[in-house]
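Hello,

Here is the structure I promised to hand over. My notes follow below it.

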Amino acid sequence: MAIEIEKSIVGLSKVANSDTHGEDSPYFAGWKAYDEDPFDEVHNPSGVIQMGLAENQVSFDLVEEYLEKHSEAVDCGSGISSFRENALFQDYHGLFSFRKAMANFMEKIRGGRAKFDPDRVVITAGATAANELLTFILADPGDALLVPTPYYPGFDRDLRWRTGVKIIPIHCDSSNNFQVTPQALESAYEEAKSNKIKVRGILITNPSNPLGATIQRSNLEEILDFAVQKNIHLVSDEIYSGSAFYSSEFVSIAEVLESRKYMDSERVHIVYSLSKDLGLPGFRVGTIYSYNDNVVTTARRMSSFTLISSQTQQLLASMLSDEEFTRNYIKTNRDRLRKRYEKIIDGLRGSGVECLKGNAGLFCWMNLSHLLEKSTRECELELWNSILGEVKLNISPGSSCHCSEPGWFRVCFANMSEQTLEVALTRLHNFMQKRTKKVINSSFFSFLL
Amino acid sequence: MTRNRNSEPNPNNDDNDTLKTPPRDSAGTSGMRLVVPLQGVVQGRGGLILGSLIPCALFYFLQFYSKRHRSTKPPSSSSSSNPPSPSTSSQNLPDLQRSSSRLNLSTRGSNGRVFLSSRASFVNAPNDSPYYIGMDRFRADPYNELDNPDGIIDLGIAENRLSLDLIEKWISSNLNGSMLGRGGDGLNINGILTYQPFDGLAELKLAMAGFMSLVMGEKVSFDPSRMVLTSGATPAIEVLCFCLADHGNALLVPTPYYPGFDRDIRWRTGIDLIPVHCRSSDAFVVNITALDQAFSQARKRGQKVRGILISNPSNPVGNILSKGMLLSLLDFAREKNIHVISDEIFSGSNYGGEEFVSMAEILDEEDPVRDRVHIIYGLSKDLSVPGFRLGVLYSFNENVVAASKKLTRFCSASAPTQSLLVAMLLDAGFIKDYMRTNRGRLRKVFDLFVAGLKQFGIECMNSSAGLYCWVNMSRLISPYNEKGELELWEKLLDVAKINVTPGSACHCIEPGWFRCCFSTLAEKDIPVVMERIRKVVERS
C-alpha cells in the first residue's frame with residue numbers, strides 16, 4: 001500500500017479520501033468473512049451463513065413467473081416506435097406510465113388508505129440515491145438530520161458522505177421497545193443547538209430497520225408535530241412498507257397527512273424502492289415522493305444524476321399495473337415473510353433467545369445482552385466475533401446501528417432458503433447451549449470458591 | 001427575450017416554474033438587514049429614537065404584510081382524500097412528450113415556510129441559458145411532418161437518430177428474454193434481480209472494454225479493472241469530479257464547451273469551471289499558453305486548479321485533438337501537478353475519416369503521469385441509446401477507481417439493461433457493422449447539411465466527429481457581439497422555427513457561432529430546414 005501512495009503523486013479530494021463510506025466498520029468486516037467462505041448447502045455446508053444482508057428472496061418465484069409469462073414486456077416493448085422512444089428516452093420526469101404504476105403500487109401496499117399522485121413521484125436509481133438526493137436538497141453542509149437509533153448503518157454514508165450533512169442520533173432504548181419519545185427528540189434537538197448545528201429534518205424508517213417493527217400511529221403524530229413545531233422536514237423511508245406482515249399494522253405518514261387534510265405537508269417526503277418489497281435490488285429502482293412542489297422540482301432536476309433505464313421503467317410499468325400480479329404478490333409476500341419470521345422467532349426462543357416483538361421487514365432484532373459479561377460495546381463486538389468465527393453466522397451488531405444498548409443484533413432471515421435458515425438456527429442453538437453450560441459452570445465454580 | 005423567460009434549465013423538462021426567491025428560515029432576517037442602516041441616517045438623540053422607531057415600525061409592517069400575503073390556506077384537496085397535485089397540465093399529454101408541469105407555487109402557499117438548502121436554490125434557479133430555453137420552446141411546439149408541419153425543428157439536442165433501426169433489428173432478432181439473462185453465458189435471472197456490484201456487472205465491463213477498443217480504432221486496449229460503470233455519462237463525470245476536487249476548487253475548461261458541464265459539474269460538487277478561451281484562428285483548439293495564463297490567474301486569486309477537462313472529439317466544435325496536443329496537455333498536467341479528464345463520449349462518431357486518438361493510447365505503461373488521466377465514456381452517443389443509461393468512468397489511478405466504485409451506489413446502471421448490453425456488445429459482427437453504417441450515415445447527413453448552408457454563404461468548421469456542425473453565422477449578426485448573436489438565435493427560433501445552440505451558451509468568446517445537431521434529422525428534413533433558414537438569411 002505504501003508504495004502505491006508514493007507513486008500516486010497527484011492529490012485526490014476530501015470526499016475520495018474520507019472514510020465516511022464506512023467500509024472499515026464491523027458491519028462490513030462480516031461481509032468480507034462471508035465472501036471468503038460463503039455457505040452453500042451442497043458445496044460448502046460449513047461456510048459462513050449470510051444473515052447480515054437485508055434482501056428478500058422469499059417471493060422470487062412470483063416475479064420470475066411474471067417475467068416469463070410476459071417476455072414482450074421484458075424485450076423493450078413491442079413495435080419499432082416503442083423501441084425507438086425507449087432507446088432515446090432520457091427525460092428526468094421518467095415515464096408517466098411508470099410513475100403512475102408506482103403510485104398505484106404504493107397505494108395498494110397501504111390498502112388504499114392513502115392516495116399518491118404520479119406527478120409527485122420522482123425516480124432515482126435506488127433508495128440509497130433517493131435518501132442522498134433529499135439530503136442535498138433539505139440541508140446545507142454542516143447542518144444535521146435527526147435519526148432515531150438504532151438505524152440502518154448505510155445512513156452514515158448515504159446521508160453524510162458527499163453532502164457534508166451530519167447525523168444526530170435520537171436515542172431510543174428497550175424500555176419502551178425503542179420507540180421515539182418527544183423527550184428524546186427534544187434532547188437530540190438541544191444537543192444540536194448546543195453545538196451550534198442547524199437541524200433541518202428528521203429521518204425515520206417505517207417499518208424500522210433494524211427493529212423490524214412498524215411505528216405506531218400515535219408516535220408518527222408526535223414526530224410530525226415535533227417537525228411542525230421546529231419547522232423542519234420529516235423524511236419517512238418506507239422501503240419496507242410492503243414487508244409488513246399484516247397490511248393493517250402498517251401506518252404510513254401519508255395516512256397521517258391525509259387525516260390532517262394535508263396541513264403542514266410541505267415538510268414531508270417519502271422514500272420508497274422496489275429493492276426490498278419486490279426483491280429487485282439489481283434493477284435499481286427508487287422514488288422520492290414529496291408533498292413540497294419545490295422539492296419535487298429540485299429532486300427531478302437532480303435525478304439526472306441517478307436515472308433509471310427506460311427499459312426497466314417500461315418493464316416495471318407493465319408489472320406494477322398488472323392488478324392480478326400485484327394483488328397476489330403483495331399478499332403472498334406478506335404471508336411468507338410472516339411465516340419466516342415465526343419460524344426464526346420460535347427457533348430462537350427454543351434456544352433461550354428473545355427478540356423484540358416485530359411485525360415487518362426482513363430481519364428480527366435479537367437480544368443477547370444477557371450473554372455479555374459487561375454491558376459494553378467491546379463485549380458486544382467480542383460476542384459478535386465469536387458468533388462470526390465459531391458459529392459462522394454473519395449478523396449485524398447493534399453498535400454498527402448506533403444502538404445505545406449493547407447486546408442487540410439484527411438477524412436477516414429472508415435472503416436464504418428455509419433449509420439454510422434451519423441450519424443457522426441449529427448452529428445458534430448449539431452455541432447457546434455451550435454458552436449456557438459455560439455460564440452455569442463458571443457460576444458453579446465461583447460458588448465453590 | 002422569449003416567451004418562457006423563467007423556463008428552467010434542464011434539457012429534459014418543461015417545468016415552467018414561476019419561481020420565488022428561496023424561502024428563508026426566518027422571514028424577518030432579510031427585512032432587518034435593510035432597515036437597521038436607516039438608524040444612521042437620522043442624527044442626534046431624537047435621531048436615535050426616530051432611527052430606532054422607524055425601522056421597527058417598518059419591520060413590523062413588513063412582517064404583517066408578508067404574513068397576510070403568505071396564504072397558508074390548505075391545498076384544494078380539503079374535501080377529498082387526494083393529495084394536493086402540483087397543479088399540472090401534464091396529465092393529458094401522451095407519455096413521451098415531456099410533460100409541462102406548471103407548478104403554481106405562489107397560490108398554494110405550501111412551500112414558503114420550510115427551509116431548502118442553498119444547493120437546492122442553485123439547482124432551482126431559473127437558468128436563462130438559450131441551450132435550455134430552446135429545448136423548452138421545442139417541446140412546446142415540436143415539428144411533425146404530418147401533425148405539426150410548422151412546428152419547431154430541433155437541432156439543439158445531440159442525439160443520434162440515424163441508426164436506431166439497426167439496434168432495434170438486433171434486439172428483435174436476438175432478445176427473447178435475453179435481457180433476463182437466459183443467454184447461457186452464466187447470467188441467470190437470479191443474477192439480475194439480486195444485489196449486484198454497484199460499479200457494474202463484470203461481464204459488461206469486459207464487453208465494454210472490447211467495445212471501446214473497437215470504437216477507438218482497435219489501437220488501444222482497455223482494462224476492465226480500471227472501469228466503473230454508472231447510470232449515464234452525467235453521473236460518471238460528477239462522481240469523477242467529486243473524487244478529484246474539493247468544493248471551491250476549479251477545473252480549466254477550453255471553450256467553447258458543452259453547456260451541460262455547468263450543471264453536471266457545478267451543481268452539487270461546488271467545483272468551479274474556469275473557461276480557457278480558444279479562437280477560430282486556432283480552429284478552436286486550446287493552446288498551452290492560454291492554459292498557463294488561466295492557471296496563473298487562478299493561483300493569484302487563491303483558487304486551486306485541480307485539473308483540465310477536455311472533450312475529445314470536441315463538443316460543440318467536432319474536431320479531434322492531435323497526438324501532439326494530447327502529449328502537450330499531459331506535459332502541462334505533469335508540470336502543474338493536476339489531473340486531466342478526457343470526455344471521449346463522441347469518439348465512435350467520427351464520420352470524417354480522421355483517426356481518433358484516445359488519451360489511453362498515448363500513455364506509457366511506466367509513466368506515473370498515468371495517475372492523472374481519467375476518461376469518460378458512454379453509450380448515449382455512439383450507440384444511440386441514451387435511454388439505457390450507461391456511462392463509463394475509466395481511470396488509470398487505482399485510488400480514483402476505488403473511491404468511484406464506492407460512489408456508484410448512488411448511480412448504478414440497471415441490471416437487466418446491463419445484461420442486454422452484454423449480449424449486444426459481445427456481438428462483434430453486429431458492432432462492426434453498426435459502427436461502419438452509422439459513420440456512413442452521419443457523413444451523408446453532415447455533407448448534405450454543410451452543403452445546404454453553403455448555398456447561403458454560411459461556412460461550417462472543418463469538423464470530423466460528433467453529431468453536430470459548428471456553424472459560422474457571424475456575418476449575419478449585428479452588432480458583432482453576444483447581443484447580436486442572441487438576436488439571431490431568437491430569429492431562428494421565432495421565424496425560421498429551428499432550435500440551435502448559440503456559441504455564447506457554450507462560452508465561446510467569438511460571437512456568431514452556432515452548434516447545429518444534424519443527427520436528429522432524416523435526410524428529407526434537410527431541405528425543410530434549409531428553406532426555413534433561407535427566410536432568416538434573406539431577411540438579414
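Val121(A) faces Tyr289(A), a residue of strand β8(A). The strands β2(A) and β8(A), the latter spanning residues 286-290, pair in the antiparallel sense over four bridges. Pairing here requires at least two DSSP bridges between two strands. Strands are DSSP runs (E, at least two residues), helices likewise (H or I, at least four), numbered from the N terminus.

This is a predicted model, where local features need pLDDT of at least 70, side-chain atom pairs count only at pLDDT 80 or more, and totals for chains, interfaces and linings use all residues. Residues are numbered from 1 along each chain as its sequence is written, chains are lettered from A and ligands numbered from 1 in the order written, and side-chain values use heavy atoms, without hydrogens and water.

The sheet is open and has seven strands, in the order β2-β8-β7-β6-β5-β3-β4 of chain A, with mixed pairing. Its edge strands are β2 (121-124) and β4 (166-170) of chain A.

Helix α10 (residues 182-194) of chain A lies across β3, β4 and β5 of chain A. It runs at about 145 degrees to β4(A). Such angles lie between N-to-C directions, from 0 to 180 degrees, with axes fitted to C-alpha atoms, for helices over the stretch in contact (heavy atoms within 4.5 Å).

Now the cores. A nonpolar core joins buried (under 20% relative accessible area, 1.4 Å probe, protein chains only) Ala, Val, Leu, Ile, Met, Phe, Trp, Tyr and Cys residues through side-chain atoms within 4.5 Å. The largest has 150 residues. Met51(A) and Phe449(B) are among those with the most contacts inside it. Helix α9 (residues 233-244) of chain B gives the largest share, nine residues.

Best wishes

Notes: Buried < 20%, exposed > 50% of the residue type's maximum accessible area, 1.4 Å probe, protein only.
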